[in-house]
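Colleague: I am new to this model and would like a close look at a single part of it. Please keep to one strand and take me through it step by step.

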Number of protein chains: 2
Amino acid sequence: MSCVVTFTREYGSGGRIVAKMLSEQLGIPFYDREIIKYTAEKSGFTEEFVREAEEKKTASLLYSLYMTSLPVSDQIFLAQSQVIQEIARQGSCVIVGNCADYILRDERNCLNVFIYAPLNERIARVRDEYKDISEDIRTYVLKQDKKRITYYNYFTQNKWGHSHNYHLSINSALGLETCVDITAKAAIAMGVKGE
Amino acid sequence: MSCVVTFTREYGSGGRIVAKMLSEQLGIPFYDREIIKYTAEKSGFTEEFVREAEEKKTASLLYSLYMTSLPVSDQIFLAQSQVIQEIARQGSCVIVGNCADYILRDERNCLNVFIYAPLNERIARVRDEYKDISEDIRTYVLKQDKKRITYYNYFTQNKWGHSHNYHLSINSALGLETCVDITAKAAIAMGVKGE
């Protein structure tokens, strides 16, 4: 049986690394930035425009009221939703970010995982591993949190970080290897099979 | 190294069974109703009074303003906190409920687990396994939820069900055995050792 594992992760939690390691351990495809590429192809916007739309504030209510067609951010989200649904139909895989947990909410063979960590641990990881940040790292991490939370809460009916959105929420302070082991156990229980 | 595993669980999620199975698998003591007994001994109230205090609404602000001493519910919570801290000092164990995750928030060797499940699955479990409920089961489960949430949010600084309170939140729809396996992996990673 196939199983799609979606990862939602706090900035600096190491969630992307966990997702990548899991896909290698299970021998199934990994989708992260590819989704932006496919969304660009589907929507007709450039990759850069799609990436920026995800990072900008979502459209204001006033803006939506005056627009006669769907706001651009909503058009992109729609194209992205179709891309994610097509990927999920192809068999077991790991998908990072992009509200995939919400987009695939009606799929029965989906394991939704949330990776988070205490703020101090995330700041330390960003300081050690992300070299090109010029501003204060704490402020930068909090800004990234805000972007992700705003985006997720705008496009889904869920509240970011609430356990009920996911099958499994793991504090990565337990160690990235432990996060991978735990998620693999749950994925195997759900019947994941590598290609 | 010792490790205290605390369980917070939604009513009907099977969290208590998971906790009991984990304690047996790891060979460490299990504390649930014993805490009420010890709290009664410490506070001078009867076991029944302690149990009822946990289930009743916490003291109103108006009541607190007119009382010269600590409200009874707060006195009981204080005694219960001391009991839990004493238990934790004795070595690895499993503690169910009683806001133990919050009471032990400054302990480094603590693994806090939240077990939950979709409402429909919890209603089904309660219908199958709890025989002595006379009222509508859905209403009954929602009432139990409300009691636990009110109690937890009143006595802690946390919001019930938010991932950040715990190291691990698991949807028991994954299966109780899987919940036990996952928690055991995390406890072993934290260095738990049976007696």
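Predicted model: local features only at pLDDT ≥ 70, side-chain atom pairs only at ≥ 80, totals over all residues.

Modeller: Strand E4 of chain B is largely enclosed by the rest of the structure, because 7 of its 7 residues, 110-116, are buried.

The two faces of the strand come next. In a regular strand the side chains alternate between the two faces of the sheet. In E4(B), one set that points the same way consists of B:Cys110, B:Asn112, B:Phe114 and B:Tyr116. B:Leu111, B:Val113 and B:Ile115 point the other way. The residues of both sets are all buried.

Then there are the neighbouring strands. E4(B) pairs with strand E1 (residues 4-9) of chain B in the parallel sense, and 6 bridges join them. Within this pairing, B:Leu111 of E4(B) has B:Val5 opposite. E4(B) also pairs with strand E5 (residues 168-171) of chain B, again in the parallel sense, over 4 bridges. Here B:Val113 has B:Leu168 in E5(B) as its bridge partner.

These two bridged positions can be set against the faces described above. B:Leu111, which stands opposite B:Val5, and B:Val113, the bridge partner of B:Leu168, belong to the set that also includes B:Ile115. To put the strand together: E4(B) has buried residues pointing both ways, a parallel pairing with E1(B) and a parallel pairing with E5(B).

How values were computed:
Residues numbered from 1 in each chain as written. Chains lettered and ligands numbered in written order. Buried ≥ 20, exposed ≤ 12 C-beta atoms within 10 Å, placed from the backbone. Helix = DSSP H or I, 4+ residues; strand = E, 2+ residues; numbered from the N terminus. Pairing = 2+ DSSP bridges.
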